[in-house]
Amino acid sequence: MTEEQGIEYGDEGNLAKRVADLLRVDIATVNNDNNTSSKPLFSAKDFSVFDHLHSRGRAATQELSEYLSAHPGSELLDIGCGIGGPARFIAERFVCKVHGIDLTKDFCETAVLLNRLCGLDKRIQITHGDACDMPYDDNHFDTVWTQHTSMNIADKNAFYSEIKRVLKPGGTFLFHDIFSNDALQTDEERQIHLPVPWASRPEHNHLVPGEVIRDILKDLGFHREIWTDVTAETHLWFHNYNGANNGQNTLSKDLNPTLFIGRDFPERAKNLKKNLALNKISIIQGVFRKG
Ligand SMILES: C[S@@+](CC[C@H](N)C(=O)[O-])C[C@H]1O[C@@H](n2cnc3c(N)ncnc32)[C@H](O)[C@@H]1O
């Protein structure tokens with residue numbers, strides 16, 4: 001199990017090499033800076049059957065991006081970027097420069113590989129680092145984006161304060177995240193069935209009610225623009241979901257969430273669906289503006 005600072009994703013190391021092998025490309029050649037072959041081997045969309053590590057996949061990224069306004073020269077930061085699916089989607093659709101930061105080194109290396117394979121490496125900068133202590137200047141980004149990452153982070157104040165610090169005044173913070181259902185009253189009621197895709201043990205699970213997040217953001221001076229509950233559509237989506245790459249393209253079927261999350265992914269996905277059915281968790285899209 002790959003474990004870094006209280007999170008765990010995947011079963012073994014060397015993920016980028018394994019992904020390259022499954023894509024039938026030579027990782028050394030792809031990562032060689034002198035290799036300036038002109039035509040990308042893939043498009044970002046080719047990878048979308050496996051590279052969006054969140055509920056409702058690429059469709060959810062596309063939906064959140066409807067709230068995004070980016071212009072040439074603007075810079076967007078994706079926090080907890082995973083293997084880069086959302087970052088590539090944004091870089092391909094919008095003209096802005098995209099940065100991604102993630103605590104899982106294997107994911108960062110895989111994101112860099114996939115960016116190169118679809119010719120987006122000049123437009124996307126990946127950094128291995130902690131969301132709670134980011135290596136970026138104050139007031140730097142026009143937009144901060146995050147999907148399904150906050151539930152891995154215990155120190156919510158540090159996380160949202162960092163987002164505020166790196167955003168320009170007037171900048172936009174967009175998220176697609178999992179919270180405990182606001183209607184639950186006690187810690188016991190809020191206990192979820194484990195393992196889930198982001199946590200196998202209680203100490204890795206840091207869900208809090210959405211109202212806690214709204215209060216933190218308000219105290220930090222953010223203005224709320226959108227708070228949309230997409231729990232029902234997420235629950236519906238899970239009814240038809242089996243975690244497989246259904247081979248809608250020519251990629252290896254082994255490029256699927258099990259490779260990135262862990263061999264017990266089917267059990268984790270089943271519990272996520274169960275927690276949704278029991279109204280334990282809410283899936284929220286949010287858009288907030290830094291005052
Ligand atoms: C469920 S994955 C989502 C990945 C990506 N946002 C996506 O939707 O495809 C959660 C990600 O958050 C990252 N993460 C967890 N805690 C983090 C932290 N403190 N700093 C940066 N990344 C973190 C994990 O490494 C993982 O890649």
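**Close-up views of a predicted model**

**View A. Helices H3 and H4 make a right-handed crossing.** In a right-handed crossing the near helix is turned clockwise from the far one, and in a left-handed one it is turned anticlockwise by less than a right angle. What you see is a predicted model, where local features need pLDDT of at least 70, side-chain atom pairs count only at pLDDT 80 or more, and totals for chains, interfaces and linings use all residues. Residue numbers start from 1 along each chain, as its sequence is written. Helices (H or I, at least four residues) and strands (E, at least two) are DSSP runs, numbered from the N terminus. H3 covers residues 57-65 and H4 residues 85-93; they pack at about 50° with their axes 10 Å apart. So H3 counts as oblique to H4; the other labels are roughly parallel (under 35 degrees), roughly antiparallel (over 145) and roughly perpendicular (65 to 115), with oblique for the rest. Axes here are lines fitted to C-alpha atoms, for helices over the stretch in contact, and angles run from 0 to 180 degrees between N-to-C directions. On the H3 side, look for Arg58, Thr61 and Ser65, which meet Gly85, Pro86, Phe89, Ile90 and Arg93 of H4.

**View B. Helices H9 and H11 cross with left-handed geometry.** The axes of H9 (residues 231-239) and H11 (residues 265-277) come within 10 Å and cross at roughly 140°. That makes this pair oblique too. Here Thr231, Thr234, His235 and Phe238 from H9 meet Leu272, Lys273, Leu276 and Ala277 from H11.

**View C. Helix H8 has a buried side and an exposed side.** Gly210, Ile213 and Leu217 are the buried residues of H8, which runs over residues 210-219. They line one face because, seen down the axis, they fall within an arc of 60°; the arc is that of the directions from the helix axis to the C-beta atoms. A handy rule: an α-helix has 3.6 residues a turn, so residues three or four places apart point the same way. Buried means 20 or more other C-beta atoms within 10 Å of a residue's own, exposed means 12 or fewer, and partly exposed is in between, with C-beta atoms placed from the backbone. Turned away from the buried side are the exposed Glu211, Asp215, Lys218 and Asp219. The buried residues of H8 pack against helix H6 (156-166) and strands S7 (167-180), S8 (222-229) and S9 (281-290). After H8 comes Gly221, with a positive phi near 90°.

**View D. Ile79 sits in strand S3.** Ile79 counts as buried because it has 27 C-beta neighbours inside 10 Å. Apart from residues up to four places away in sequence, Ile79 touches Ile101, Ala131, Val144, Thr146 and Thr149; contact takes C-beta atoms, placed from the backbone, within 7 Å. Phe175 is 96 residues from Ile79 in sequence, yet their C-alpha atoms are 9.7 Å apart in space.

**View E. Tyr67 belongs to the loop between H3 and strand S3 (75-79).** With 16 other C-beta atoms within 10 Å, Tyr67 is partly exposed. Leaving aside its neighbours within four places in sequence, Tyr67 is in contact with Leu174, Ile226 and Val287.

Key: Two residues are in contact if their C-beta atoms, placed from the backbone, lie within 7 Å.
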